[in-house]
Amino acid sequence: MQTQSPEAPQELITPRLFSVSDAARYLGRTEKSIRHLVQRRKLTAIRGDGRVMFDRSDLDAWIKQNRT
């Protein structure tokens with residue numbers, strides 16, 4: 001009789017970089033408003049390989065700066 005080894009639980013990997021749509025969801029904004037924040041230099045974007053990405057720490061910093 002073979003014993004089945006229990007599968008190791010998969011680690012949840014939280015992405016560090018977010019796409020425009022992911023950043024919009026994370027901040028509760030629209031994609032258009034995210035692009036507007038980047039244009040006004042209110043939110044830092046990472047550009048590479050033809051993509052625009054956002055670091056989670058920059059999004060968290062934006063939240064912290066805009067608390068009232």
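Analyst: First, a definition: by relative accessible area (1.4 Å probe, protein chains only), a residue under 20% is buried, one over 50% is exposed, and anything in between is partly exposed. Keep in mind that this is a predicted model, where local features need pLDDT of at least 70 and side-chain atom pairs count only at pLDDT 80 or more, while totals for chains, interfaces and linings use all residues. Residues are numbered from 1 along each chain as its sequence is written, and side-chain values use heavy atoms, leaving out hydrogens and water.

User: OK, so is Arg-16 buried or exposed?

Analyst: Look at its relative accessibility, which is 57%. Exposed means over 50%. So Arg-16 counts as exposed.

User: How many residues apart in sequence are Asp-55 and Arg-16?

Analyst: Helices (H or I, at least four residues) and strands (E, at least two) are DSSP runs, numbered from the N terminus. Asp-55 lies in strand E3 and Arg-16 in the segment before E1, so the pair ties together parts whose separation in residues is 39.

User: What is the strand order in the open sheet?

Analyst: Two strands pair if DSSP finds at least two bridges between them. E1 and E3 pair in the antiparallel sense over 2 bridges, with Leu-17 opposite Asp-55. The edge strands, each pairing on one side only, are E1 and E2. The order is E1-E3-E2.

User: How are H1 and H2 arranged, and what word describes it?

Analyst: Axes are lines fitted to C-alpha atoms, for helices over the stretch in contact (heavy atoms within 4.5 Å), and angles run from 0 to 180 degrees between N-to-C directions. These two axes come within 8 Å and cross at roughly 100 degrees. Under 35 degrees is roughly parallel, over 145 roughly antiparallel, 65 to 115 roughly perpendicular and the rest oblique. That makes H1, relative to H2, roughly perpendicular.

User: Which residue forms a salt bridge with Glu-31?

Analyst: The closest N and O atoms are 3.7 Å apart. Both residues lie in helix H2, 4 residues apart, about one turn of the helix. Glu-31, at 37%, counts as partly exposed. Its partner is Arg-35.

Conventions. Salt bridge = Lys/Arg side-chain N within 4 Å of Asp/Glu carboxyl O.
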